Amino acid sequence: MARMKFLLDAERCIECNACVTACKNEHEVPWGINRRRVVTLNDGKPGERSISMACMHCTDAPCMAVCPVDCFYKTAEGVVLHSKDLCIGCGYCFYACPFGAPQYPQAGNFGTRGKMDKCTFCSGGPEADNSEAELVKYGRNRLAEGKLPLCAEMCSTKALLAGDGDIVAGIYRERVVTRGYGSGAWGWATAYKESAGT
Amino acid sequence: MLTRKSSAGARGTSLAQALAATTGGAVDRRTFLHRSGLAAGGMAAASALPWGFVQEADAANRAPLKQAAEVKRIKNICTHCSVGCTVTAIVQNGVWIRQEPTFESPINLGAHCAKGAAIREIVHGERRLKYPMKLANGQWERMSWDQAIGEIGDKLLKIRETSGPDSVYWLGSAKFTNEAAYWFRKFAAFWGTNNVDHQARICHSTTVAGVAQTWGYGAMTNSYNDIQNSRAMFLIGGNPAEAHPVSLLHMLKSKEQNQAPFIVCDPRFTRTAAHATEYVRIRPGTDIAVIWGILHHIFKNGWEDKDFIAKRVYGMDDVRKEVAKYTPEDVEKITGVPGSQLARVAKTLAEHRPFTIIWCMGGTQHTVGSANVRAYCTLGLAMGTIGTSGGGANIYRGHCNVQGATDMGLEPITLPAYYGLIEPAWRHLSRVWGVPYDYMVSRFKEKKFMEAPGIPESRWHDGVLEAKENLEQPDNLRAMVFWGHGANTQTRGPEAKKAMEKVDLLLVVDPHPIQVAAMSDRKDGIYLLPDCSALEQDGSRTASNRSLQWGHKIVDPIFESKNDLEIIYLLAKKFGYAEQMFKNIKMDGTKPLVDDVLRELNRGSLTIGYSGQSPERLKLHMENQQHFDPRTLKARDGTPVAGDTYGMPWPCWGKPEHKHPGTHVLYDTSKTVAEGGLNFRALFGNERNGVNLLAEGSYPKGAEIKDGHPPFTYGMLKRLGWDKDLTDAERKEIEEIGGANPDAVPWQLDLSAGIIRVAIKHGCAPFGNGKARANVWNFPDPVPIHREPLYTPRRDLVAQYPTYTDRRGGRLPILYKTIQDKDFSKDFPMIVSTGRLVEYEGGGDETRSNKWLAELQQNMFIEINPADATRIGVKNNQDVWVFGAENNVKLKVKALITERVGKGVAWMPFHFAGHWMGQDRRFRYPPGADPIVLGEAANTLMTYGYDPVTQMQETKVSICRIEKA
């Protein structure tokens, strides 16, 4: 069975933000919620590298561990999803997440945040696949349609890969061998307790 | 969530087919996506949810997958940059509900940048201009189309009557389809003026002129895809990671798979430079000295391609003499680049041939733009990399159809397809249009205005403000039409504002109200007509690599907007020449059939081979994208498009039925002309001062003339005895066109395309076989030399490298020395340059109105080096005032402190508008049509300066002073 993972090849990411707008386009994510974002290190200096970040769907997901209402669940493909019906917007998952993935629609008095929103690996939520309810709460379910996350499919330089962890790692490893350099699959050690291609 | 979800699940099959077609043998990323994608889908459907309290996925509750019949998959082309990414729209009930990657496109292989991945928002269009409007008594009023065309038409006709047709300026667009661009140019001709232009003037006009004058055609010689074959990449004055992100898909392939060194020369350490193997920081405006500095080492070490130069290049010895003056010490003094670094660059290039030379607006938008581009070309000629796969000059054009609009003559200096404005050109086009030549003459004030180049768009405001006696036309401009063109992309903002307030009428035809609505303080006399985007109409557009791609209408024009062809028809009808102008076009009410426009365009556009790409062939290519190889662009055998090159890059010689495949790499002699081979064009005569200008012993594979030769004429065919290959019909047409002197009919005026067909049958290029010119004797600097920018803080260099003397051009005076002589450097000590951001495009009215993009860049800013910031006393993200050298301009923007720019250099993006010297002018926009993000326009500050050949504006070097706000 496939174990879905994201892999970001920082040698290829050019910070074009296609992944960010593709996500907005596919799921009609409102202004202010960023399921995916691109972060640049050493901006404007030699060694500048960019990294596209979203929920990494960790193997031992800290968000799941800390959620007081157990709203998270893991699919058979290893995708970490959650139920917005159960979420109380407490924000614990935000503090637990090493990638800053959880997003909240509002910031009001007394710490009210609204229901948490995050990357679903384009695979919806607990509602029936491709149902109206799932669409409204979580966006589209591409996995159920036999497709992969749109952010990776539309990546301008194929820097962002999404899919079966073994296959994406294989592609990355092949690239590193061909070109002779690679800065490692970013975030893999944290998310999956393993490295790829280095 | 705004739209109902449809199932595109049924698309699995076609996705799989597409993927299978674009993959080779090995498992690569796309194969992987395909396989693991399908596998994942299967498993997702079968998976049970482990948590008892969440709702069980239940097959019975699934959305029905029956929509296959009503869900359409429609392909069009991205409307942003010139890469030409295919956009796949999923449309249901006339609504564009989703966007899918287009893996089968050989150009983008599914990829997009932020703009392409957000393009669906354009036809949601919450901030679009929704219906015709006018500004009256300071208020925006809604109008009907009839009312608007009536009022606008009456006013323009009155101006035409009192001041002549040259007093209306028709500024068109690089976002037009080829058909609309061609039609707009024709429309201006019927109106009776050459005062027509589009964005190419301020983007790559210097490239088009400089490159065409070097070797024949002013366009990218190879393609984005062909860069995969490069052994090295030399990029100067471009930031494709932001301006053409998907091109990096091909460039990184070269870098990774060929281990190609990637050299980036730029004043800014751009996001592209971050991926370079060698970054060369140059002082803005010193490109020629950089190139000559490299050539200095090449000549010194004898690394030039002597055989190539002897056979195919004229004037290289003149370059050699000039280059000798650019010693490493002098070059370092001018450019700031250490001699040792350029020596290393020269060696790298010499050892990695073929290398490709890539440039963009950092090279073109200068007072020396047309000289810069010739220096780049000369580097390629000296090294023998032009006309080779993996080599060439890969010139990245800007807008999605700026190449096509340029080709279609949307310019004040030529008719469609570079025929020029001379009488034979007008006679040729009159023949194509089916109107008497005398009728066309009668449309102009006088015949001399018909043959005199119009005012370039970069100077339109001077056409309004300049004293009448200084103008070479009967009266000043009195009406300005912005048809798909921003107003903040032109320099000298305050003068533009003044001109906007002086003209009788401002007409904006655009999907957005653009800055024109907000910039001036007019109380009336502005009309806005809603134009639809290219996504809402059928038609072809030409990518930077000269490939034509057919875009299918995704949805009907939204709100009350109409497409360009229809709006042109409505105006032509009002002006009384619709019947003559639309003679060859089938009409559906007021809507012209776009296929017919392309057929007429094909018939007349022989010079550049826009003649073989019929609507039928273009649509066939779009349907069969998966059959083209992403590296060679060649179609695979046994497919419906076998033999063709994707998009039939021009020249695609002769008639569609001649089945020329298109020309992937220009001037490549390793192929026959029939397969897309070529040689340099014989455009400059047979000899000069006794020196042969025709090629010597170099010719395309299979040519029967194994040497240089002049362009073909009917007479030449006769002398060769090849005229017997003409059909009777072709002979008859040639003789009809030739009248008393049929032997003089040249290949490009022969509407039968018989001369072209026969020349190619004998293996020869119809346009002759000449040498490329390293010495362009008809330019102000026959061999480029470094000249200091008009506004420069390096006063010490002005005496040795002065600018040009004042001159005239485009019906106007152009100042050089007068401006450079005055020293502003005390008050304005810093250099300021401008450029692009990935999220926005051009004037940005469209992209700043797109919520998915606007969210990513919410503030106008200026990049300042930390050393300068310390001196000024400004911190990151604080507001600063940026003062300009003309008109007491000041801009209020955010400071971005970064080492991206060097000491003494500041940089601003030019996409913002809507603020004016500190004032937010959102209140001036029609309600609901204001872009989400507004900001100061960089070009409010950018100063005077124009290229002497094309009047390209200087947007890359000016001076400024920055103070804390």
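**Helix α1 of chain A**

I looked up the buried residues of α1(A) and found Ala18(A), Cys19(A), Val20(A), Thr21(A), Ala22(A), Cys23(A), Lys24(A), Asn25(A), Glu26(A) and His27(A). A residue is buried if 20 or more other C-beta atoms, placed from the backbone, lie within 10 Å of its own, exposed if 12 or fewer, and partly exposed in between. The helix, residues 18-27, is mostly covered, with 10 of its 10 residues buried. Helices (H or I, at least four residues) and strands (E, at least two) are DSSP runs, numbered from the N terminus.

This is a predicted model: local features need pLDDT of at least 70 and side-chain atom pairs count only at pLDDT 80 or more, while totals for chains, interfaces and linings use all residues. Residues are numbered from 1 along each chain as its sequence is written, and chains are lettered from A and ligands numbered from 1 in the order in which they are written.

I then checked the packing partners of the buried residues of α1(A): in chain A they are β2 (36-41), β3 (49-54), α5 (150-153) and β6 (160-164), and in chain B β3 (95-100) and α31 (851-854). Contact requires C-beta atoms, placed from the backbone, within 7 Å. Just after the helix, I noted a positive phi of about 45° at Glu28(A).

**Chain B overall**

I counted 32 helices and 34 strands in chain B. Its radius of gyration, taken over C-alpha atoms, is 27 Å, close to the 30 Å that the globule rule gives for 965 residues, so chain B is as compact as a globular protein of that length; the rule is 2.2 Å times the number of residues to the power 0.38. The C-alpha trace spans about 90 × 70 × 65 Å along its principal axes. Buried residues account for 63% of the 965.

**Helices α9 and α15 of chain B**

I examined α9(B) (residues 287-301) and α15(B) (residues 369-383), whose axes come within 9 Å and cross at roughly 15°. That makes the two helices roughly parallel, a term for angles under 35 degrees. Axes are lines fitted to C-alpha atoms over the stretch in contact, with angles from 0 to 180 degrees between N-to-C directions. Residues of α9(B) in the contact include Trp292(B) and Leu295(B), and those of α15(B) include Tyr376(B) and Leu379(B).

**Lys724 of chain B**

I located Lys724(B) in the loop between α27 (714-720) and α28 (728-738). Lys724(B) is exposed, with 9 other C-beta atoms within 10 Å. Its C-alpha atom is separated by 9.3 Å from that of Val758(B), 34 residues apart along the chain.

How values were computed:
Parallel < 35°, antiparallel > 145°, perpendicular 65-115°, else oblique. Contact = placed C-beta atoms within 7 Å.
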